[in-house]
Amino acid sequence: MNATDIYNQFSAEYDEWFERHSNLYQSELSALQSVIPEDGKGIEIGVGTGRFAQLLNIQYGVEPSQAMANIARQRGIEVIAEDLPIETATFDFAIMVTVDCFLSDIPKAFSEVHRILKPKGIFIIGMIDKNSPLGQLYEKDKANSVFYKNAIFHSVEEITGLMQSAGFDKFQYQQTPTYPTNTETEQPKSGYGKGSFVVIAAEKTNT
Ligand SMILES: C[S@@+](CC[C@H](N)C(=O)[O-])C[C@H]1O[C@@H](n2cnc3c(N)ncnc32)[C@H](O)[C@@H]1O
């Protein structure tokens with residue numbers, strides 16, 4: 001089964017995770033909120049069931065799994081079909097949360113994000129750092145995981161390098177040092193290297 005088949009089959013289970021782990025969900029949200037522009041038109045690539053887009057006031061999403069997209073639509077997100085080309089320089093910001101590990105061609109995906117952003121648009125990635133304790137655990141137990149069986153985790157340095165190559169700079173990092181053992185919402189700390197869930201934000205250069 002490929003990732004889309006898995007997300008089609010287990011969309012309800014995926015969505016329920018956020019109910020059972022509301023402290024982790026809120027900690028991830030706080031880290032994303034700390035870098036998301038206060039206004040402007042945003043899009044979430046790999047919007048899933050819309051849990052982040054809905055609370056971050058992001059109206060648009062792209063999602064290959066129809067079952068996930070249907071739940072996101074119920075949350076008010078306009079899910080754009082993947083094969084429908086988005087016009088150049090449409091969005092002020094784009095986010096991607098735990099999606100990097102499923103992309104088969106990251107340079108192509110990141111340059112497409114660069115294309116659809118307006119000049120000085122912000123690209124925000126939320127990810128599990130491969131070099132963190134949780135990243136190493138996920139990597140080790142991946143064969144037993146429904147959702148991460150096919151995932152390829154990356155380090156913050158790898159993703160930063162790929163974003164730079166796609167034409168982004170002015171990097172900012174936020175991390176959650178006690179994730180996933182925190183029992184309450186964690187306030188993010190700047191930087192990376194101490195947190196398992198890391199948010200990277202960077203600006204589109206004019207190239
Ligand atoms: C771990 S889920 C994250 C969903 C959502 N961003 C969230 O954090 O709840 C990964 C999502 O990436 C989507 N995905 C997989 N490959 C993708 C691709 N090439 N482009 C966009 N989304 C993709 C999956 O269908 C799935 O919904």
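Visitor: In which strand does Met96 lie?

Guide: The model is a predicted one, in which local features need pLDDT of at least 70, side-chain atom pairs count only at pLDDT 80 or more, and totals for chains, interfaces and linings use all residues. Residues are numbered from 1 along each chain as its sequence is written. Helices (H or I, at least four residues) and strands (E, at least two) are DSSP runs numbered from the N terminus. By that assignment, the strand that holds Met96 is E4, residues 91-97.

Visitor: Is Met96 buried or exposed?

Guide: A residue is buried if 20 or more other C-beta atoms, placed from the backbone, lie within 10 Å of its own, exposed if 12 or fewer, and partly exposed in between. Met96 has 23 C-beta neighbours inside 10 Å, and therefore counts as buried.

Visitor: Which residues are in contact with Met96, leaving aside its neighbours within four places in sequence?

Guide: Contact requires that the C-beta atoms of two residues, placed from the backbone, lie within 7 Å. With neighbours within four places in sequence set aside, Met96 has as its contacts Ile45, Gly46 and Ile125.

Visitor: In what sense do E1 and E4 pair?

Guide: Two strands pair if DSSP finds at least two bridges between them. Strand E1 covers residues 42-45 and is joined to E4 over 3 bridges. Ile43 stands opposite Ala94 of E4. The sense of the E1 and E4 pairing is parallel.

Visitor: Which residue in E2 is the bridge partner of Ile45?

Guide: E1 is also joined by 3 bridges to strand E2, residues 60-62, and the two run parallel. Within E1, Ile43 and Ile45 point one way, Gly42 and Glu44 point the other way, and all are buried. The E2 partner of Ile45 is Val62.

Visitor: Which strands stand at the edges of the sheet?

Guide: The open sheet has 8 strands with mixed pairing, in the order E3-E2-E1-E4-E5-E8-E6-E7. Each edge strand has a single partner, so one side of each is left without a neighbour in the sheet. The edge strands are E3 (78-80) and E7 (189-190).

Visitor: Which residues come nearest to the ligand?

Guide: A residue is near a molecule if its C-beta atom, placed from the backbone, lies within 6 Å of it. There are 19 residues around the ligand, and those that come nearest are Gly46, Gly48, Ser65, Val97 and Phe102.
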